[in-house]
Amino acid sequence: MASFTRGPVRLTELELYFLIVRYLSAGLCWRAAQVLVHELEQYQLLPKRLDWEGNEHNTSYEELVSSNKHVAPDHLLYCRRIGAMLDKEIPPSISRVTSLLTAGRQSLLRTAKGTLI
């Protein structure tokens, strides 16, 4: 197994991992979700919970699902709404042609300068 060294992982990245697993678990790639859950728990890459004293504790995937019942398996797909808000602020060069995979003014990850976020 390859090892890696990396600094602390931001909360948004940990939350994204969780959303990806939720999405995969309800579809055709449910086995991939199982593998990913194992790795996320092994490397402690899930958002931690805080106790009443403000101390952090590792959580399991199942604990996160239980404490985030409002997060449906398709929650990740709602992120596409961000594109509509972005289009109002920074219009794409060609209307209604945007993607997470493109670069520049057509990317859903664009900035006013045309760079990726």
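Student: Is Q44 buried, exposed or partly exposed?

Tutor: Buried means under 20% relative accessible area, exposed means over 50%, and partly exposed lies in between, with a 1.4 Å probe and protein chains only. Q44, with a relative accessible area of 44%, is partly exposed. This is a predicted model, in which local features need pLDDT of at least 70 and side-chain atom pairs count only at pLDDT 80 or more, while totals for chains, interfaces and linings use all residues. Residues are numbered from 1 along each chain as its sequence is written, and side-chain values use heavy atoms, with hydrogens and water left out.

Student: Where is the place of Q44?

Tutor: Helices (H or I, at least four residues) and strands (E, at least two) are DSSP runs, numbered from the N terminus. Q44 sits in the loop between α2 and β1 (49-50), and its phi is near 55°, which is a positive value in a residue other than glycine.

Student: How many residues has helix α2, and what does it reach from its first C-alpha to its last?

Tutor: The expected span of a helix is 1.5 Å times one less than its number of residues. Helix α2 (residues 30-42) has 13 residues and reaches 18 Å, close to the 18 Å expected.

Student: Which residues of α2 are buried, and why do they line one face of the helix?

Tutor: An α-helix has 3.6 residues a turn, so residues three or four places apart point the same way. In α2 the buried residues are A33, V37 and L40. Seen down the axis of α2, they fall within an arc of 70° (taken from the directions from the helix axis to the C-beta atoms), so they line one face. The face turned away from this buried side carries the exposed residues R31, V35 and H38.

Student: What covers the buried residues of α2?

Tutor: Contact means heavy atoms within 4.5 Å, and the cover includes α1 and α3. Leaving aside neighbours within four places in sequence, L40 is in contact with Y17, V21, L45 and L46.

Student: Which aromatic pair does a search of the whole structure find?

Tutor: Rings of Phe, Tyr and Trp (its six-membered ring) pair if their centres lie within 6.5 Å; planes under 30 degrees apart count as stacked, over 60 as edge-to-face and the rest as tilted. The search finds 1 aromatic pair, formed by F18 and Y61, which is tilted, at 5.7 Å centre to centre and 55° between the planes. F18 lies in helix α1 (residues 11-25) and Y61 in helix α3 (residues 61-67), so the pair ties together parts that are 43 residues apart in sequence.
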